[in-house]
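Student: I would like to learn to read side-chain features in a model. Can we take them one at a time?

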Amino acid sequence: MINFKKLGIVATVAILFFALVLSGVALFYKEPRYNDFCDEIYPRAIPVGEVANQIEIDKEQEYFNSCNRKYEDALNKYSINLFLIVSPIAIIAILLGLFVLVDYLGLGFMFSGIVLMIYATARSFGSFSELTRFLVLLVELALVILISWKKIGFKSDKKWKTKKS
């Protein structure tokens, strides 16, 4: 039978810890904003009937290309740093969940840690090299297998066995 009180506590702990970590990161480590790198969001429109000066258009385009590159470089650096900040917190939450004596509190921390790890990986995935992506996913998969083994174990379960003919 499902104990809805415990399930509610698991979900509440997971959601609150996730929100706490992300709001703490946002408080101390600000995400770069496009307006910090470019004065305007879009190149200006040329009014109808006005003749466009190609030299001026080329200068504006170069300016927007340059500031956009700077913004994307800063955003990539931020994403990698975000991963380096949030991932250890996620691992600590998962380990804390393994060793907390109150089972449903531990599940809340483990679930929150797993969601934090998925968030950090997804947020920074495009900023990593292919080798780094592979290694990050390998470590995360190993961690999930370790959690499963520690929490569930390799107990034989009749539901999963197939009948022999």
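Tutor: This is a predicted model. Start with F18, which is partly exposed at a relative accessible area of 23%. F18 lies in helix α1.

Student: Which residues is F18 in contact with, leaving aside its neighbours within four places in sequence?

Tutor: F18 is in contact with S112, V115, L116 and Y119. Take L116 as an example: F18 and L116 are 98 residues apart in sequence, yet 6.4 Å apart in space, C-alpha to C-alpha.

Student: Is S112 buried or exposed?

Tutor: S112 counts as buried, at 1% relative accessibility. S112 lies in helix α3. Beyond four places in sequence, S112 touches A14, F17 and F18.

Student: How do I read aromatic pairs?

Tutor: Use the distance of the ring centres and the angle of the planes. Here the count comes to 7 aromatic pairs. In the pair F17 and F109, the centres are 5.4 Å apart and the planes are at 75 degrees, so the pair is edge-to-face.

Student: Where in the chain do F17 and F109 sit?

Tutor: F17 is in helix α1 (residues 4-28) and F109 in helix α3 (residues 103-124). F17 is buried, with a relative accessible area of 18%.

Student: What is the geometry of the rings of F83 and F128?

Tutor: Their centres are 5.1 Å apart and their planes at 85 degrees, so this pair is edge-to-face. F83 lies in helix α2 (residues 54-99), and F128 in the loop between α3 and α4 (130-151). The pair therefore ties together parts that are 45 residues apart in sequence. Both partners are buried: F83 at 12% relative accessibility, F128 at 10%.

Student: Which residues do ring pairs link into a cluster?

Tutor: Y34, F37 and Y71. The charged end of R133 sits over the ring of F125, 5.2 Å from the ring centre.

Student: What should I look for in a nonpolar core?

Tutor: In soluble globular proteins, nonpolar side chains tend to be buried together. The largest nonpolar core here has 22 residues. F17, V86, I94, L116 and I147 touch the most other members. The elements that give two or more residues to this core are α1, α2, α3 and α4. Helix α2 gives the most, with 8 residues.

Student: Which residues is I94 in contact with, beyond four places in sequence?

Tutor: I94 is in contact with F109, M110, G113, I114, M117, L143 and I147.

Student: How many disulfides does the count come to?

Tutor: The count comes to 1 disulfide. C38 is joined to C67, with S to S at 1.9 Å. For handedness, read the torsion about the S-S bond: about 110 degrees, so the disulfide is right-handed.

Student: Where are C38 and C67 in the chain?

Tutor: C38 is in the loop between α1 and α2, and C67 is in helix α2. The two are 29 residues apart, and the pair links distant parts of the chain. Both cysteines are buried: C38 at 1% relative accessibility, C67 at 3%.

Definitions and conventions. Residues are numbered from 1 along each chain as its sequence is written. This is a predicted model: local features need pLDDT of at least 70, side-chain atom pairs count only at pLDDT 80 or more; totals for chains, interfaces and linings use all residues. Side-chain values use heavy atoms; hydrogens and water are left out. Rings of Phe, Tyr and Trp (its six-membered ring) pair if their centres lie within 6.5 Å; planes under 30 degrees apart count as stacked, over 60 as edge-to-face and the rest as tilted. Helices (H or I, at least four residues) and strands (E, at least two) are DSSP runs, numbered from the N terminus. Buried means under 20% relative accessible area, exposed over 50%, partly exposed in between (1.4 Å probe, protein chains only). A charge sits over a ring if NZ of Lys or CZ of Arg is within 6 Å of the ring centre and within 35 degrees of the ring normal. Contact means heavy atoms within 4.5 Å. A nonpolar core is a set of buried Ala, Val, Leu, Ile, Met, Phe, Trp, Tyr and Cys residues joined through side-chain atoms within 4.5 Å. A disulfide is a pair of cysteine sulfur atoms within 2.5 Å.
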